[in-house]
Amino acid sequence: MRVVVVTPAVPHPFGDTAARWFYVLITELLTRGHEVVALAATEEPAERVSEAKQWLSKHGEQLTLHCHRLRVDSVTLRRKWENLVRPRSEMLQDSDLTALLQRELAKGYDVLHLEQMSTGWLGLGAPRALLNVHFFDVIDWAEKENMGVRDHKALWQARRAMRHLLHEIQNVRLLTPRLKEMAESINPKGHYWVVPFALDTALYKMQPTASEPVVGLIGSMHWEPSRSAAERLITRIWPLVKEGFPQAKLLVAGWNAAKYLQKYSSQPGLTLEENLVHPSNFFSKAAVMVYAPSRGSGMKVKVMESMAYGVPVVTTWEGVEGIDYENGRECWVAETDEELAGSVCRLLENSAEWQQMRDAARALIDERYSPRPVVDKMISVYQQMIAAP
């Protein structure tokens with residue numbers, strides 16, 4: 001097969017959250033002998049692009065990689081008009097990008113694989129186009145408080161883009177059943193598949209037993225679900241943990257952690273770390289990861305990574321959406337602050353249960369969310385699209 005993959009970030013095993021999946025998809029397709037044309041429309045730093053090229057250079061000659069520096073229309077009024085007519089269509093407004101994609105499609109292809117909603121506009125009218133949806137803003141923002149004019153406008157545009165693209169692109173892959181249900185409610189005539197997220201588990205080494213009882217959370221704090229989870233942990237769950245296990249420490253890390261959470265720095269036992277070089281810098285210190293967002297659709301890569309690294313997870317249903325878990329085996333799932341804090345203390349106090357959970361969680365990721373089983377499902381989707389009239 002010749003697969004043309006369009007992404008909004010460069011494929012990188014430790015880059016942007018979604019970029020980890022892009023890397024898995026592309027490298028696994030190449031390993032199986034398929035030809036891949038990867039077109040990354042990115043605004044990332046040159047260093048990140050260079051790293052991605054180095055990672056991908058190890059995977060044979062069947063890859064054509066275009067790292068395109070995204071350019072939006074410099075005429076403000078025209079750009080605003082285009083976004084009014086076609087919400088969130090910045091990629092479509094980059095004439096060099098659209099011309100590059102058309103040249104690659106003209107050479108022949110089997111599937112046009114479009115990652116995330118922002119790339120969907122590039123697939124309108126293209127045969128065998130597959131839109132891949134990781135989350136829906138309309139779910140994530142449903143309970144957001146104190147929304148300003150800018151937030152309301154962004155949500156309105158997201159809703160319009162979602163409805164338009166789901167009506168125009170008939171083939172859609174979604175990460176979870178909840179996302180599929182929402183897509184079907186918008187366009188019941190579409191063709192939908194649920195295929196989960198995958199990690200390159202060969203790159204995730206089980207971390208040694210934590211030397212201290214560190215309770216942790218990692219995430220990009222400019223993203224509402226991660227920030228809400230951090231604030232709930234710091235202000236509501238952590239005091240209960242500290243009461244039940246006084247020697248525990250709290251570590252909250254990730255992009256912009258200090259910027260958004262500095263006001264909580266006086267909490268006893270709390271350390272804030274931001275912009276880590278590598279996620280293992282966090283997971284090598286944490287004994288338990290707590291992730292309890294107020295809202296957040298799709299699969300949570302931070303939860304999957306914690307399982308892959310061997311750090312037991314305490315979370316809510318929102319945190320394990322799309323993961324086939326058994327409560328108390330691969331993770332602890334609860335909804336109230338008291339239940340979440342109790343599960344944390346239980347793991348800190350019981351080393352045998354802690355070890356059992358970390359082994360079971362890693363086995364689950366290897367079995368169901370590593371490259372081979374997930375890309376098997378992805379290729380099955382491609383084959384169904386190719387065989388369709």
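**Aromatic pairs and a parallel sheet**

Trp21 is buried, with a relative accessible area of 0%; buried means under 20%, exposed over 50% and partly exposed in between, computed with a 1.4 Å probe on protein chains only. The model is predicted, so local features need pLDDT of at least 70 and side-chain atom pairs count only at pLDDT 80 or more, while totals for chains, interfaces and linings use all residues. Residues are numbered from 1 along each chain as its sequence is written, and side-chain values use heavy atoms, with hydrogens and water left out.

The structure holds 7 aromatic pairs. Rings of Phe, Tyr and Trp (its six-membered ring) pair if their centres lie within 6.5 Å; planes under 30 degrees apart are stacked, over 60 edge-to-face, and the rest tilted. One of the pairs is formed by Trp21 and Phe197, tilted, with 6.5 Å centre to centre and 50 degrees between the planes. This pair links distant parts of the chain, 176 residues apart: Trp21 is in helix α1 (residues 17–31), and Phe197 is in the loop between β7 and β8 (214–218). Helices (H or I, at least four residues) and strands (E, at least two) are DSSP runs, numbered from the N terminus. Phe197 is also buried, at 2% relative accessible area.

Tyr23 and Trp55 form an edge-to-face pair, 5.9 Å centre to centre with 80 degrees between the planes. Tyr23 lies in helix α1 and Trp55 in helix α2, so the pair ties together parts that are 32 residues apart in sequence. Tyr23 is buried, with a relative accessible area of 3%, whereas Trp55 is partly exposed at 22%.

Arg160 has its charged end over the ring of Trp156, 4.7 Å from the centre.

Helix α2 (residues 46–56) lies across β2 (35–42) and β3, running at about 175 degrees to β3. Axes are lines fitted to C-alpha atoms, for helices over the stretch in contact (heavy atoms within 4.5 Å), and angles run from 0 to 180 degrees between N-to-C directions.

The open sheet has 7 strands in the order β3-β2-β1-β4-β5-β6-β7, with parallel pairing; two strands pair if DSSP finds at least two bridges between them. Its edge strands are β3 (63–69) and β7 (191–194), each pairing on one side only. Strand β1 (residues 2–7) is joined to β4 (residues 111–115) by 4 bridges, and Val6 stands opposite Leu114 in β4.

Note on methods:
Lys NZ or Arg CZ within 6 Å of the ring centre and 35° of its normal.
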